[in-house]
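Here is a short report on one protein model. Keep the sequence and the 3D view open as you read.

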Amino acid sequence: MDRFYHQLHDLLQAGESVAVATVVATRGSTPREVGTKMIVRRSGATVGTVGGGCGEAQVWRTALQVLDTGASQGISVDLTEEVHLEAAGACGGTMELWVEPWLGEVESPDARVARLLAESQGRRQSVVLATVAAGSGSSCPSARRAVVSTEAVLLSGLGPVLPEGWLLREAAAALELEGGRFATYEAAAQGPHDELATVRLWLEPVKPPPRLMVLGAGHIALPLVAMGRLLGFQVAVLDDRAAFANRERFPEADTVLAADFGDGIRRLGVDRDSYVVLVTRGHRHDVECLRQLVGRESAYLGMIGSRRRVKGVFDLLQREGVPVEGLRRVHAPIGLDLGARTPAEIALSIVAEIVKVRRGGMARSLSDRGTRQ
């Protein structure tokens, strides 16, 4: 998703209007999750997918209608009709989608919004995209969108009819949700001949994509970066050897940093959406990294190594006063129990464990008690 708004901005800046379909709610088994997006162009070409099959075809037709009319639409996609194909992997739930037009023109309001959203994701800043879904009354704002953070309205043409305090409160509530929400504001008439303005907004949280932080730039890091990009992560690579941590070696990574591990971790930063993988070349570097990481909030922290190496690192850190509770959250030995041997297989077992943690899966990890070496 980190590339989505870049792609959207490029299309709009080139003068092309498009429709954007967003999954806003799901029930039952569905092919894509809340927040998934797809761009539909006037030519019928698409960027991204909301699941394929007959359901996506329905969304595609609706998107072309939206481009013709200029009016946003909600759509419900019922996948239960395809349930007889379940043996072939079909889903049997329903998806609710919001399909809206984005108007293309050089430096158009929509292009500026798309650029700001892309920049916010690059800064790993969570914001809310507020879109006018419906409105009535002469005081209803003529603009379509605003971008709102928890502290300020970053970009808005919605005008004074929507008080900033109200918009900030509604945006903060939207950021707590997995998907988005509708909110309605009724404004008093601005003059004796004005009607009451009723504005219905679609408030969608736009959060930075999860980040895969690969500490160590050896053989396993190469497939790790490729798989991380394929899975939609922002990928950062850190190593203290410039001969290994460089753009030529990792062209797919978003960030490549050659620095001491301790300093590099501080420079990269770690947040609750960071999945941190230690694949360094030695015991000393593992210790240096874990000193920085054990006390920080992250979505995942894993360290490669044999059980003997893991025990040695943990024993040393405990002697330094690192709490046992902090070390228990480290996935070590790292990865799922796939019997992996090659660098690519080991990388696969690592990203599989990350997906397991992220999605709440039940597969057995090597760090689980009772698994083999």
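Arg124 counts as buried, at 17% relative accessibility. Buried means under 20% relative accessible area, exposed means over 50%, and partly exposed lies in between (1.4 Å probe, protein chains only). Arg124 sits in the loop between helix 3 and strand 6. Helices (H or I, at least four residues) and strands (E, at least two) are DSSP runs, numbered from the N terminus. Phi of Arg124 is near 55 degrees, a positive value in a residue other than glycine.

This is a predicted model, in which local features need pLDDT of at least 70, side-chain atom pairs count only at pLDDT 80 or more, and totals for chains, interfaces and linings use all residues. Residues are numbered from 1 along each chain as its sequence is written, and side-chain values use heavy atoms, with hydrogens and water left out.

Glu107 also has a positive phi in a residue other than glycine, near 55 degrees. Look for Glu107 in the loop between strand 5 (94-102) and helix 3 (109-122). Glu107 is partly exposed, with a relative accessible area of 34%.

## A cis bond and a contact

Now find the peptide bond from Ala332 to Pro333. This bond is cis, with omega near -5 degrees. Pro333 belongs to the loop between helix 9 (324-328) and helix 10.

Next, go to strand 6 (residues 127-136), where Val132 is found. Val132 is buried, at a relative accessible area of 18%. Val132 and Arg145 are 13 residues apart in sequence, and their C-alpha atoms are 6.3 Å apart in space.

Strand 14 has parallel partners. Five bridges join strand 11 (residues 211-215) to strand 14. Four bridges join strand 14 (residues 274-278) to strand 15. Both pairs run parallel. Two strands pair if DSSP finds at least two bridges between them. Leu278 in strand 14 is the bridge partner of Leu215. Met303 in strand 15 is the bridge partner of Leu278. Tyr300 in strand 15 is the bridge partner of Tyr275.

The chain leaves strand 14, passes through helix 7 (residues 283-293) and reaches strand 15 in a right-handed β-α-β crossover. Right-handed means that, with the strands pointing away from the viewer, the path from the first strand over the helix to the second runs clockwise. In strand 15 (residues 300-303), Tyr300 and Gly302 point one way, while Leu301 and Met303 point the other way, and all are buried.

## Aromatic pairs

How many aromatic pairs does the structure hold? It holds five. Rings of Phe, Tyr and Trp (its six-membered ring) pair if their centres lie within 6.5 Å. Planes under 30 degrees apart count as stacked, over 60 as edge-to-face and the rest as tilted.

Trp166 and Tyr185 form a tilted pair, 4.9 Å centre to centre, with 55 degrees between the planes. The pair links distant parts of the chain, 19 residues apart: Trp166 in helix 4 (residues 164-175) and Tyr185 in strand 9 (residues 181-187). Both Trp166 and Tyr185 are buried. The rings of Phe233 and Tyr275 have centres 5.5 Å apart and planes at 80 degrees, so this pair is edge-to-face. Phe233 is buried, with a relative accessible area of 3%. Tyr275 is buried too, at 7%. Trp98, Phe182 and Trp202 form one aromatic cluster.

## The largest pocket

The largest pocket holds about 1,400 Å³ of space. On a 1 Å grid over the protein atoms alone, a pocket is an open set of points where a 1.4 Å probe fits, with protein on both sides within 12 Å along at least five of seven lines; lining residues have an atom within 4 Å of a point. Grid points are joined across faces, edges and corners, and a volume is the space filled by probe spheres set on the points.

The lining has 46 residues, and Lys207, Pro208, Pro209, Pro210 and Arg358 lie nearest the centre. Strand 10 gives the most to this lining, with four residues.
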